[in-house]
Amino acid sequence: AAAKLVRIGVGEGQIVFSVGRRRIVVPAKDLDESVCASAIQRLSMSARADAVTVLFTTGHGEPAIDDFGPSGLGDAVRALKQDGYRVGSYHSITSPVPANCSVVAIVGARTPFSEAELRELGYFLSHGGRVLAAVSDDPHAGIATFLDKHGVAATSSPGVNQTTDGSDVVVTDFGDHAISRPLSGAAVVFAPDAVRFKLPQTVAGRDDDSTVESLCN
């Protein structure tokens, strides 16, 4: 068994999880309960689910997916990969959304998307795609017009729960969505200038069947 692992390229200091022909290799130094659980979850997913692709947009001031600093997306991307997702970048100015993409993540965009890009996102949604939007501290930057079209508008209303000094916002009410479900029972602290959105209402003139799900309230 050890010789077989060597033949497939597994080196020293690595832990192998396998089911049939599928395997996950992680460095022993990174192994903890969460990594172990993630590997088991990934191997228990169907082959189709294991191939879900998430693409992060670039070209609008978004953080880099290979930046592991406090403002980068490196940690989030690593967690997605540990859960079995394929992750990459999508430079939306240059091409349509790739056919194998299931989710387009727009995180912290600071310059507006072009009309052509917004049309492409709309086409992607109307054909079963999903968009995860995490806006910057400027509600008018990035995809503001796209969110407006789908009934998602920024609001200045304060959060219900706040910290003792009243500056940060503490969120404890999470939606029943695959992204936010694991946070049930936890608390997430947002900076005082975090952008808040009101729940979408029926939007006249919408020409697709897209829906909006709130991850927290």
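This is a predicted model: local features need pLDDT of at least 70, side-chain atom pairs count only at pLDDT 80 or more; totals for chains, interfaces and linings use all residues.
Let's start with the overall picture. The chain folds with five helices and ten strands. It is 217 residues long, and 28% of those residues count as buried. If you take the contacts with a separation of 6 or more, 62% of them involve residues 24 or more positions apart.

Now, to the second largest pocket. Which helix gives the largest share of its lining? That is α2, with five residues. At least two lining residues each come from β2 (22–27), α2 (33–44) and α3 (74–82). In total 15 residues line this pocket, and if you want to find its centre on your screen, look for V26, P27, D30, V35 and Q82, which lie nearest to it. The space inside comes to about 310 Å³.

The largest cavity has a volume of about 40 Å³. Ten residues line it, and I106, A109, A134, V135 and I143 are the ones nearest its centre. Its lining has seven nonpolar residues, three polar ones and no charged ones.

Two of those names, I106 and I143, come back in the next part, the nonpolar cores. In soluble globular proteins, nonpolar side chains tend to be buried together. In this model the largest nonpolar core has 16 residues, and V104, I106, F113, L121 and I143 have the most contacts inside it. The elements giving two or more residues to this core are β5 (101–107), α4 (115–126) and α5 (144–149). The largest share, four residues, is from α4.

Please click on V104 for a moment. Setting aside neighbours within four places in sequence, V104 is in contact with L55, T57, Y90, V97, L121, F124, R130, V131 and L132. There is also a second, separate core of seven residues, and V54, L73, V87 and V107 are among them.

That brings me to strand β3. Why do I call β3 largely enclosed by the rest of the structure? Because five of the six residues in this strand, residues 53–58, are buried, which here means under 20% relative accessible area. β3 pairs with strand β4, residues 86–91, in the parallel sense over six bridges. If you look along that pairing, you will see L55 opposite G88 in β4.

Is S89 buried or partly exposed? It is partly exposed, with a relative accessible area of 44%. Not counting residues up to four places away in sequence, S89 touches L55, F56, T58 and I65. S89 and T57 are 32 residues apart in sequence, while their C-alpha atoms are 5.8 Å apart in space.

Note on methods:
Residues are numbered from 1 along each chain as its sequence is written. Side-chain values use heavy atoms; hydrogens and water are left out. On a 1 Å grid over the protein atoms alone, a cavity is a set of points where a 1.4 Å probe fits but cannot get out, and a pocket is an open set with protein on both sides within 12 Å along at least five of seven lines; lining residues have an atom within 4 Å of a point. Grid points are joined across faces, edges and corners, and a volume is the space filled by probe spheres set on the points. Ala, Val, Leu, Ile, Met, Phe, Trp, Tyr, Cys and Pro count as nonpolar, Asp, Glu, Lys and Arg as charged, and the others, Gly among them, as polar. A nonpolar core is a set of buried Ala, Val, Leu, Ile, Met, Phe, Trp, Tyr and Cys residues joined through side-chain atoms within 4.5 Å. Buried means under 20% relative accessible area, exposed over 50%, partly exposed in between (1.4 Å probe, protein chains only). Contact means heavy atoms within 4.5 Å. Two strands pair if DSSP finds at least two bridges between them.
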